[in-house]
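Please find below a colleague's note on the structure shown here. The points are set out for reading alongside the coordinates.

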Amino acid sequence: AMGMTNVEIMIPFVRTLEMARDVMVVLEKYGLKRGENGLKVNMMAELPSNVFLADEFLEYFDGFSIGSNDLTQLTLGLDRDSG
């Protein structure tokens with residue numbers, strides 16, 4: 001243990017629940033287990049599927065950060081320069 005108990009991990013662009021599961025396996029492989037020593041693992045909600053499956057994603061993550069630019073673009077099919 002490195003003694004860092006005030007660090008949280010943020011995982012971007014989690015497309016599927018299977019990917020969420022895979023991320024947790026990789027983190028644990030390297031000694032970063034969710035909940036151990038207070039470790040929190042959060043995800044960026046950047047995809048419409050993240051919103052629709054929020055309850056299911058919370059089985060793997062402690063919370064969300066809303067990626068409003070990407071979420072808006074991917075929901076509406078627009079880029080930053082559309083207007």
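1. The model is predicted. In it, 3 strands form an open sheet in the order β1-β2-β3, with parallel pairing. Because β1 (8-11) and β3 (63-66) stand at the edges and each has a single partner strand, one side of each is left without a neighbour in the sheet. From one strand to the next, the twist averages 30 degrees.

2. The pairing of β1 with strand β2 (residues 40-45) is parallel and extends over 4 bridges. K40 in β2 is the bridge partner of E8, and N42 in β2 stands opposite M10.

3. Side chains alternate along β1.

4. Most residues other than glycine have a negative phi. F13, which is not a glycine, has a positive phi near 45 degrees. F13 is placed in the loop between β1 and α1. Its relative accessibility is 36%, so F13 counts as partly exposed.

5. N37 is likewise not a glycine and has a positive phi of about 55 degrees. The loop between α1 and β2 holds N37. N37 counts as exposed because its relative accessibility is 56%, and the cut-off for exposed is over 50%.

Notes:
Residues are numbered from 1 along each chain as its sequence is written. This is a predicted model: local features need pLDDT of at least 70, side-chain atom pairs count only at pLDDT 80 or more; totals for chains, interfaces and linings use all residues. Side-chain values use heavy atoms; hydrogens and water are left out. Two strands pair if DSSP finds at least two bridges between them. Helices (H or I, at least four residues) and strands (E, at least two) are DSSP runs, numbered from the N terminus. Axes are lines fitted to C-alpha atoms, for helices over the stretch in contact, and angles run from 0 to 180 degrees between N-to-C directions. Buried means under 20% relative accessible area, exposed over 50%, partly exposed in between (1.4 Å probe, protein chains only).
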